[in-house]
Every structure is written in C-alpha cells, then in structure tokens.
Amino acid sequence: MKQFIGFLKKEFLHIFRDPRTMMIIFLLPIVQLLLFGKVINTDIQNSRIAILDQSHDNTTREITSKLVSSGYFVLGEELMPGDDVEDVFRKGKVKMVVTFGPEFEKSLERDGKAEVQLLADASDPNTARILTNYASGIINDYVKKEKLQNLQLPNQINTEVRMLYNEGLKSVYMFVPGLMAMILMLISAMMTSISISKEKELGTMEVLLASPLKPIQIVLGKVTPYLLLSFINALTIILIGVLLFGVPIKGSFVFLMAESFLFIMMALSLGILISTIAPNQMVAMFISLLALMLPTVLLSGFMFPIENMPWPLQILSHAMPPRWFIVIIKNIMLKGTGILFVWKETLILMFMTFVFIALSIKNFKIRLE
Amino acid sequence: MSKNKSQDTGFLPPLSEGAGGGLKVITVRNLVKKFGSFVANDHLNFDVYQGEIFGFLGANGAGKTTAMKILCGLSSPTSGEAKVAGFDIYKETEKVKRNIGYMSQKFSLYEDLTVAENIRFFSGVYGISPADRKEKQDKLLKDLGLESAKDSLIGSLPLGWKQKLAFSVAIFHDPKIVFLDEPTGGVDPITRRKFWDLIYEAADRGITVFVTTHYMDEAEYCNRVSIMNAGRIEALDTPENLKKQYSAKNMDEVFLKIARNVE
C-alpha cells in the first residue's frame, strides 16, 4: 500500500508539473462548456428582424410588440412600403422581414382572415426555418386568443404542441450530456494512454516492470489519478450545467454519478488498451483523437441525430460508447428515469469495459513475451 | 589472469574469473527465446559469479538485450532454465525482481521530477524506509558531488550526470545484481570512463554487474566478456585470454575476428 501511495504521489507530480496536462484537465472542460453553452448556441435569441407594416393599426402594432417581447426577436428596422426588401437582406442586417398586408385588422374582423408575410434569409436554412416557425407560432397564438374567440369557425382543429422534457427547446440540455461524454472520454482515455505510453517511450516502464511492483499495481497507479480527476470533472460539468444553464437533474443524483463512474471506467480501460498498442505518446494521441474524439463528436448523436445518418454510419454508431452514455444521462437528468429504463445501455457500457480490459490483458501479455 | 584496465582505477577483481571458484549468482542453461520462427537466443549457457563485472557483447540484434530482459523478468523464455540471485526465473519472478537493479538504454529517471523525488519514488518501490533513504541519499549526493542539485529537475541536468544518477538509483536498494543495458550510449569517452569508476565501486561493494555494450573499449573494463552473434554465444572468457586466443591486439579485433569466423 505504501508503494502504491508513493506511485500516486509521483503520478500527481507528473500531472501538476505539466502545464499542458493541467490545461486539458482543468481548463478545457470549463471553456468547452461555456463555449457550447453560450457562444455556439443554436437557440434563437435576439434575432434582428424588420417589420413592414402597411396597416399600422392596433392589431399589427400589438403583434409586433408580441414578437419583440418574446425574446426571440429584436426590431432591427422598420420598413416603408416601397422599400427594397432584398436590399435589407443583402446588407445582412436582419434575418427575417415581417410584412403585414393593408387593412389587416379590418379584414381580420370582417372575414376572419388577414395577410401576413414572413420573408426569411434562408442562406442559413435551419435558422430560417426556426425563425419562421417561431414567428408564425406567436402570430397565430395572438390572433387565436385575442381576436378569434368571438368568431365561430366551423370544424377548426387546434393542434396543441408541447415539447416535453425540454419545453424551452434549449440546446444546452443537449450539450451538457454530450460534452460530459466528450470530456470524460478525452481525459480518461486520452490522458491515460498518453501517460502510460510516455513511460514506454522514456524507458521507465521497463524499470518499473523490472521492479517488485506488479503489473496490475503499475496500471492501477497510472489510472487512479485520472479516475479521480475525471470524477471531479464530471461533477464540475454537472454543477455548471445546473447552476449556470439551469439544466435540471430530475432523476437520482447518486445514480447519475454511478453511471458517470461506469463511463469513466470504460474510458480508462479504453485508454489502457490504446497504450498497449501505441509505442509512444504521439501515436497514443493520434489514436485517441482520430479513433475517439471525432467519432464521439460526430457519431454519438451529440451533434447530429443518429436517425438522419446513412445506415452504415448508424450501425457504426452502436459501437460508440458515448452514444449509450448520452442516452443514459439524458434520461436521468431530463426525464428523471431510473435503472429500469436504462439497464440496456448500462449493460452495453459494462460489456464494452469488460472487452477493453480483456483485450488489454491479452495485448500486454503478448508484449511481455 | 586479468591485468587489464583494472590498474587504472586501483580496482582488483575479487574473483578468479571463469574458474568457477566464486558464488554463482546467475546460471543459464540451454536458454532459448524464439519470436515466431526467429531465434533470438539459441541455447545460451553461462554462469556469472558474485562481484564480477560481466560484459555481454554483440552487434545490434545479436540477442543480448533479449537475454537480459529474460533475466530481469521482463520477458519469458521459450525453453531452458535460468536462476538469478538463486531464484528460478519462472517460478520466483518476484524474488528475482527484489534482488536486482535495472538501468535501461534510455537512462531511466523521470525528467519532470527532482533528484530527491526520483530517489524517494524508487526507494518506495523497493520498500526502503524513509530514515534509511535520507541517510543513503545524503551520502550518495555527497559522493557524486551533486548536493546542490538535490532539488533540480532531472531534465535540467547534463546527460553524464543523469546517467550517473540513474545508475546510483538502480543500485540504491543494494541489489545482488545490477543489469545495465547499454548504459553509456551517447556520451563522450571521458564521461564513459567516469561512469565506469562507479561500476567498479559497485562491484567492490559486492554487487554483480551484468552489462551489455557495443563499445569495445568498455569490453576491456570487464572481468569477463561473452560475445554474442546471431543469438549464440561465440566466445566467453577474460578479455586477456580472448585476445591471446584470437591473437588480437585489442577487443575490437577479437570481435571482428569472431564475426568473420561465423560468416
């Protein structure tokens, strides 16, 4: 045990003495979370729009103020009839132009019908779609509630839409689980594999293996610091998510941490496996980045929905551990489900951990012989 | 009898070389190591006696590092028997490891730790008590003249110092045998000579030194040398006897003649 504590001390010294490692471990998670949460935000917020109001009556004014007070839009420009709408777009000042037809209020009250046109800048198709959806939602809602209550329209079907588990459609709800998977993968798998292959590269691994330390002690000694640091990171990410971005934890916190622990174990065993293959730090880093980070970002459903992928990639995504982990934490945090609903994903992660450990032991033995 | 370079340092070999009079600390019988169809060690047989400096020579790829790794427990042989420090390398690997020291080619200290931290770490690995460690560390640093470097990072020291320290750390726990795998790569002859002074001191203390090298001047410093070629030991004797046997002026010639004979 004394040997082991000495080993841990040495490992922590390695970590604390290397500025790059320190940055990756302590700064990177926070920076990434803030970046994804605040800057790279796919939510619509304060999009500049222009209004072309040909009626200037109470209703159009009220609709305009509803749009602006929704928080999604800010009034960038008021256009006059005859202004060149395209010119406004070309200048790039606004994302959408709302045009009210003439005699808006009157025709609405008379016929139950009025004209409003939404012109959106579809050079960014996603944003254009979201903007027009939001705007028509707000307009319809207003008209229905305020104006059409007295009018009896035949056979009208009102669809009521509710976005469950994330009513505000906040993308940060998606980023927190995704980032957690990514950062834990990075620190656990990449840093472990680099730190073990560093000993190989410098020749100190041979000295350790020729010492009375058992191989299992060496591996545990290398892995334990990263297990602790990853766990701290998982807590930090959850804390920032909850406190700064208001992501809820509806399920059990203990269960959430237990699943995070499982995922960290999986990533650590993957890191050990990589280090048994990689002869030096460079190779270890390359394998980690190419084989772990890119698929984690692209194929785990973190950035792009798995359902929209071509089928070969969909099949491949099954082999991506973060895919299962993201499902698990989303379930726990957003839906508040327990083990009953994520046992399948949990088993898959356990199975992967087992496979990585078995392969590592096999590789390690071959290398020794 | 060997009257080689030992006069230079005032070192006298403690054992009659090769005569089998001393205590055997390494015995190797019919040791074979194959990698697939490639035979790295082809039926090696030799003994090493306590306190001697045993040189393990050969060209790159001759199989000397492989054999050394087997004796250190870093690799397991395909067949054959070997005992190191009296323990069987198959069954008593742990005991073997407690009784040996090892220094690899890429001298083996942590660059980002200080001298004292390296010593503390390796003392911990070999179970040396903190009190013993302090005492030995002070003596060691004083002997090497490195007291001022105690809290310097290894990475900031010149290569010659690093190698001396690495060797001193490898024998810090007073092993019966120390294995040195090409310990003096990349340094000038003067630094190399100084390094060998440390090796003689260790041998004086009764530590057996098993050293691989491809520097022929170093071969002259050994009590006995074995010369390997293509996985086989082609010659094993004192440098003096080998030079007589091959009527050569120096070990370099001996080595070339053996290599030619084999071809």
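Helix α1 of chain A passes α4(B) in a left-handed crossing, a term that applies if the near helix is turned anticlockwise from the far one by less than a right angle. The model is predicted, with local features requiring pLDDT of at least 70 and side-chain atom pairs pLDDT 80 or more, whereas totals for chains, interfaces and linings use all residues. Residues are numbered from 1 along each chain as its sequence is written, and chains are lettered from A in the order in which they are written.

**Helix pair**

- α1(A), residues 2-17, packs with α4(B) at an angle of about 150 degrees, and their axes are 8 Å apart; axes are lines fitted to C-alpha atoms over the stretch in contact, and angles run from 0 to 180 degrees between N-to-C directions.
- The two helices, α1(A) and α4(B), are therefore roughly antiparallel, the class for angles over 145 degrees.
- K2(A), Q3(A), G6(A), K10(A) and L13(A) of α1(A) meet E117(B), F121(B), G124(B) and V125(B) of α4(B).
- This contact of α1(A) with α4(B) comprises three nonpolar, three polar and three charged residues, where Asp, Glu, Lys and Arg count as charged, Gly among others as polar, and Ala, Val, Leu, Ile, Met, Phe, Trp, Tyr, Cys and Pro as nonpolar.

**Chain interface**

- In total, 23 residues of chain B are in contact with 20 residues of chain A, contact meaning C-beta atoms, placed from the backbone, within 7 Å.
- On the side of chain B that touches chain A, two or more residues come from each of α3 (93-98), β6 (100-103) and α4 (115-125) of chain B; helices (H or I, at least four residues) and strands (E, at least two) are DSSP runs.
- α4(B) gives the most to that side, with four residues.

Methods:
Two residues are in contact if their C-beta atoms, placed from the backbone, lie within 7 Å. Angles under 35 degrees count as roughly parallel, over 145 as roughly antiparallel, 65 to 115 as roughly perpendicular and the rest as oblique.
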